[in-house]
Amino acid sequence: MRDDDYYMKICLALSRQAAENGNTAVGAVMVKDGEIISEAEEAVTTKNDITCHAELEALRAAVNKLGTINLSGCILYSTHEACVMCAYAIRFYKIKKVIYLYNANYLGSVSSSLPLLITNEVPPHWSDAPIIVQFKM
């Protein structure tokens with residue numbers, strides 16, 4: 001069975017690809033039942049769209065592939081801590097677990113003063129906070 005290290009190495013390869021394409025070096029992978037459902041690199045610069053963070057790109061692809069907005073059986077891997085924008089989507093799509101490598105100090109949804117990914121002060125229809133793991137290589 002593949003482990004967290006395997007998926008994080010894919011995220012890192014995607015982040016290098018993003019940087020080569022002129023974007024911030026971020027990569028993300030969505031996994032369900034040990035299978036990669038989607039993967040994405042940051043595309044803000046190449047698509048000229050601030051919403052094209054790697055995490056959101058991976059979420060969009062997973063929703064399209066699975067045909068549902070309920071991704072409660074999925075794990076999101078990312079090279080970086082989700083920002084507040086991405087955290088909103090993670091909570092909306094009910095991601096059960098988020099594993100990331102690097103903190104995002106100013107707008108990180110776990111480590112900053114805006115902890116949207118882990119707070120319980122959210123609308124009642126949102127999912128519970130996902131399990132959060134900061135990966136150590």
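**Reading the terms of this predicted model**

Student: What makes Ile 69, Tyr 88 and Phe 92 a nonpolar patch on the surface?

Tutor: Ile 69, Tyr 88 and Phe 92 together have about 300 Å² of accessible area, computed by the Shrake-Rupley method with a 1.4 Å probe, with only the protein chains shown counting as cover for residues. Patches are built from residues with over 30% relative accessible area and no salt bridge; like charges are joined within 9 Å, and nonpolar side chains (Val, Leu, Ile, Met, Phe, Trp, Tyr) within 5 Å. Phe 92 has a relative accessible area of 36%, which is over the 30% required.

Student: Why is Phe 92 called partly exposed?

Tutor: Buried means under 20% relative accessible area and exposed means over 50%, with partly exposed in between (1.4 Å probe, protein chains only). The 36% of Phe 92 is in between, and therefore Phe 92 is partly exposed. Phe 92 belongs to helix 4 (residues 84-92); helices (H or I, at least four residues) and strands (E, at least two) are DSSP runs, numbered from the N terminus.

Student: Which residues of helix 4 are buried, and what covers them?

Tutor: Cys 86, Ala 87, Ala 89, Ile 90 and Arg 91 are buried. Their cover includes helix 3, strand 3 and strand 4 (97-102).

Student: Why does His 53 count as buried?

Tutor: His 53 has 15% relative accessibility, and because this is under 20%, His 53 counts as buried. His 53 is placed in the loop between helix 2 (44-47) and helix 3 (54-66). Apart from neighbours within four places in sequence, His 53 is in contact (heavy atoms within 4.5 Å) with Glu 42, Val 44, Cys 83, Met 85 and Cys 86.

Student: What makes a nonpolar core, and how many residues has the largest one?

Tutor: A nonpolar core is a set of buried Ala, Val, Leu, Ile, Met, Phe, Trp, Tyr and Cys residues joined through side-chain atoms within 4.5 Å. The largest has 27 residues, and Met 30, Leu 59, Leu 71, Ile 90, Tyr 93 and Ile 95 have the most contacts inside it. Helix 3 contributes the most to this core, with six residues.

Student: How do you know that Lys 9 and Asp 5 meet in a salt bridge?

Tutor: A salt bridge needs a side-chain nitrogen of Lys or Arg within 4 Å of a carboxyl oxygen of Asp or Glu. For Lys 9 and Asp 5 the N to O distance is 3.1 Å, and because this is within 4 Å, the pair qualifies. Both residues lie in helix 1 (residues 4-20), four residues apart, about one turn of the helix.

Student: What makes Glu 57 and Lys 47 a salt bridge, and why do they tie together parts of the chain?

Tutor: The closest N and O atoms of Glu 57 and Lys 47 are 2.6 Å apart, which is within 4 Å. Glu 57 is in helix 3 and Lys 47 in helix 2, so the pair ties together parts that are 10 residues apart in sequence. Glu 57 is buried at 13%, whereas Lys 47 is partly exposed at 48%.

How values were computed. Residues are numbered from 1 along each chain as its sequence is written. This is a predicted model: local features need pLDDT of at least 70, side-chain atom pairs count only at pLDDT 80 or more; totals for chains, interfaces and linings use all residues. Side-chain values use heavy atoms; hydrogens and water are left out.
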